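Colleague: Please take me through this model, beginning with the packing inside it.

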Amino acid sequence: MINFIIRKIVGSKNQREIKRMMPVVRRINELEEQYRSLSDDDLRRMTAEWKTRISVIEDYKEQQNALNDVLPEAFAVVKNTARRLCGRTITVVDHPIEWQMVHFDSQLIGGMVLHSGRIAEMATGEGKTLVATLPLYLNALAGRGAHLVTVNDYLARRDAEWVGEIYRFLGLTVGIIQHDQTPDVRRAQYACDITYGTNSEFGFDYLRDNGMATSRAQQVQRGHYFAIVDEVDSILIDEARTPLIISGPATVSTHQYDRFKPLVEQLVRKQSILCTRLVTEVKELLEKGDEEQAGRALFKVKLGEPRNKGLLRMMEEPEMRRLLDRAELSFYQDTRKDELVALKEELFYTIEERQHEADLTEKGRSFMNPGDPDAFVLPDLINEFTDIDLNASLSDKDKVEAKAERQKHFDGQAERIHNISQLLKAYCLYEKDVEYVVEENKVMIVDQFTGRKMPGRRWSDGLHQAVEAKEGVQIDRETQTLATITIQNYFRLYEKLSGMTGTAETEANEFHDIYGLDVVVIPTNRPVARKDANDRIYKTRREKYNAVIAEIQKRHAAQQPVLVGTASVESSELLSRMLKRDKIPHNVLNAKFHLQEAEIVSRAGQPGTVTISTNMAGRGTDIKLGPGVQELGGLHVIGTERHESRRIDRQLRGRCARQGDPGSSQFFVSFEDDLMRNFGAADRMTKIMERFGMEEGEELEHPWLNKSVETAQKRVEQRNYMIRKRTLEFDDVMNQQRGVIYGYRNEAIETDNPRAMIFEVIDEIVPRKVEEMLQPGEEGESDYDGLIQWVNMTLPLGLKKEAAQFETRSVEENGQFLVGKIKSAYELKAGHEQPEALKMLERYILLNAIDRLWQEHLYAMDGLREGVYLRAYGQKDPLVEYKGEAYKMFVELMDRIRGEVLTNLFRSTTNLASFEDFLNNLRQNLSGGESPDGDQGPTVASTTIHTPGQGELKIELPKRRELPKVGRNDPCPCGSGKKYKACCGRKA
């Protein structure tokens, strides 16, 4: 009550913020009025002067202060330019458009919010595209590039060609990033003052620049200074669930999806028949008055096939719902745990829709592998390896072979279990035309929030291959990750980030917690005239869809345009068939027809037009009312079901009533909708329906019911937010490692002296290796022979134990001795290289080591992340365990990168012909006298020479005598006591 009174007196935080900006708005308008007397060249001259002065400021804070100082003048210049363009015809996406836009006061406020690095929530039709011109122009004066990020290539091109006319008029350059551009074209676009593009294009360019480019000339981006994200909720929340991944084909593909597909199909068919029979039994049991057994059977059907048509029809009856609820509550009591397990074992598998899981029961496993009770049990490798080690009858070689055989058996078993599990999910949980569509013999994911197809995206962990097998399309080879980043971590690279959308307030906490972005709700230019009716709630989908068609018929007969929003492609096509049956002309916009998105939506406000659209509803495209439509009540929006997120429902409502136009919206809901079934709203509704004594075909409509649905939505939103937050916590670990690797990689690309970086590796690796080998062991002796062996395996120094005289120096002195030898040998090699190509070779040595081992590390990290969740069963926090293991793996990765650089240092050349002189010197080193113990110094018999662009050449180096052949499992000849494959064989 006190807070309410305070808000009434001083206003809310949002209202106070708007009030604070109003004096600046008035100042902008005063300046704009003055600028009307200036010439076009005067405005361009002002722009050039500001850019010259501000772009040379290096300190970020000082530069921001300078931009803030000129904000009123800069915004006034942009507004005055928009006024000067009025009446001009501009070609936008090959269509002529007459310019008719000048900034409103609300748009000036929105521009200030964006410049300050916050999110501006502006209702649909308030002109967000024009709002962005203000902060983009202002921040482009810093000379570091300003980016506008949008949801698709069409909108990026449209906006750059349309409002880009303002920038071009004032002498600034405008770039557009499109998916089919070459690197040279992209580099030119990024070099512009202002660049438009999609989130995925910006993100993939970042990955290519930092994870694949081998020279500065191949990189296209020039930093991350300022970005405005259009439809910020869609990009930073909805699409952020799927990371951006650049992948290549895996070296080995072992999937067996096509092999197990027929068995899984039979299994699903058997379960469906079983559940249908159970539904029939329920009716018979109720006729006998056995409600307990009937409830048990209903619960079993819900576990085995929650979308069974017979079950859904029964759930239309309140008495049946109560019967199922009573049985479910009873079985989940602690005292009936054993009975619940036994009940599940009567099915072939169980489905948990909320967790998106499907698990085989023992009955299902027996069907898949009759006669083999251990077919779905992973062997205990630790115990098996221990038994092998303790078996005295086996030789060392036999033990190694036995372990390899058990490991192979384990891998095959795990792969088979995994393939069957993913196939079961594909059949039970992933519906065609809901979660995905099939086009051109490919499975394409459909984003559940926007309804848009997501080309290039694939489900991970083999799920995509399982869906491909289910649909009978080509099963693409499994992929290996080459570079990856989440949307969240990409956009956190920007020094200043802002966004705009019509729906951000409900996700304000997430924007603040993850991105540090506050949301400011901008008042509309004109009062909103939309009428939002209460939801109409029905028992069944059939009743709901019939009511939707009747409503469309009524509105269409009066020539009022109707936009119908659906949650899936399947729903939109069902409604389309029903409208065709009733001979009502209409347009369909879903993931199958996304190319016509803007055109279809732009016509949705014409008299008598009926448009069916999935949730994306043409975001970014205005729906302007046709002649006479205002008198009919404007555009009417129908939602065919409530989405999990209130934000998506608000987006759909916001498609009508732009700029003070009339409009109306209403949602039609049934108890069979996923939200109602899975998150508890249907239970409360059932009791209300009973209280009112509703019959089939009747509907409920009351504000209380809207609140009940919204309560369920809030629970789902909170759950989804926690999932996204947890995912980000895991990815933050990877992000820190990515930052180190990409920083090291860019240093190698940008340095003018890559040899200094190589020598740093030598200075770090060699002394540490010397210390490791020469520190006295358990018997108090230093491993001089092992050190000689390592040096000659890794480097062509041809050291002999007698000549090295390690015993005469301290450990530290020996390290410096070897460092000097290696650097001297490299300087000798460098003298025989092509001077103009040597830097490129040295850079290649560094980048080749980083890239190859980083890709292996990504694969290992994927495996760690998948397996670490099992540690929760041991009462350990998977995130803490993941951080600890990831750190150890990263330390090892950096050591391996340095070792790889050292190993390849003398195995690479700029030209094979020029390498001959160096080989002569190398042969002289390798032909020295014997060491005191009679062993030959260097054991290297050959080396592989890498030449960038010229392939590889294996060079045979002469030795005075042949070494005895050593098996991989034999003791290592260096005397370390280890097997050869685990010692010098691995290093070789």
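**Cores, strands and a helix**

Colleague: Leaving aside neighbours within four places in sequence, which residues is L236 in contact with?

Modeller: L236 is in contact with I487, F491, L497, F511, Y515 and L517, where contact means heavy atoms within 4.5 Å. Please note that this is a predicted model, in which local features need pLDDT of at least 70 and side-chain atom pairs count only at pLDDT 80 or more, while totals for chains, interfaces and linings use all residues. Residues are numbered from 1 along each chain as its sequence is written, and side-chain values use heavy atoms, with hydrogens and water left out.

Colleague: Which residues have the most contacts inside the largest nonpolar core?

Modeller: They are L236, F491 and F511, in a core of 93 residues. A nonpolar core here is a set of buried Ala, Val, Leu, Ile, Met, Phe, Trp, Tyr and Cys residues joined through side-chain atoms within 4.5 Å. Buried means under 20% relative accessible area, exposed over 50% and partly exposed in between, with a 1.4 Å probe and protein chains only.

Colleague: Which helix gives the most to this core?

Modeller: That is helix α35 (residues 835–868), with 13 residues. Helices (H or I, at least four residues) and strands (E, at least two) are DSSP runs, numbered from the N terminus. Another core, of 64 residues, lies apart from this one, and L31, M112, A120 and A160 are among its members.

Colleague: Next, the strands. Why is β6 described as largely enclosed?

Modeller: Five of the five residues of β6 (residues 194–198) are buried, so the strand is largely enclosed by the rest of the structure. I194, Y196 and T198 point one way, T195 and G197 point the other way, and all are buried.

Colleague: A657 interests me. Where is A657 placed?

Modeller: A657 is in the loop between α27 and β22. Its phi is positive, near 65 degrees, although A657 is a residue other than glycine. Most residues other than glycine have a negative phi. A657 counts as buried because its relative accessibility is 11%.

Colleague: What is the phi of V93?

Modeller: V93 has a positive phi of about 50 degrees and is not a glycine. V93 is in the loop between β1 (89–92) and β2 (95–98), and counts as buried because its relative accessibility is 14%.

Colleague: Turning to α24, what is its reach from first C-alpha to last?

Modeller: Helix α24 (residues 541–557) has 17 residues and reaches 24 Å, close to the 24 Å expected at 1.5 Å a residue. The expected span is 1.5 Å times one less than the number of residues. Its buried residues include Y545, V548, I549 and I552. Among the elements covering the buried residues of α24 are β17 (536–538), β21 (635–639) and β22 (662–670). Q559, which follows α24, has a positive phi near 70 degrees.

Colleague: Finally, how many disulfides does the structure hold?

Modeller: The structure holds zero disulfides, a disulfide being a pair of cysteine sulfur atoms within 2.5 Å. C275 counts as buried because its relative accessibility is 0%, and C656 counts as buried because its value is 2%.
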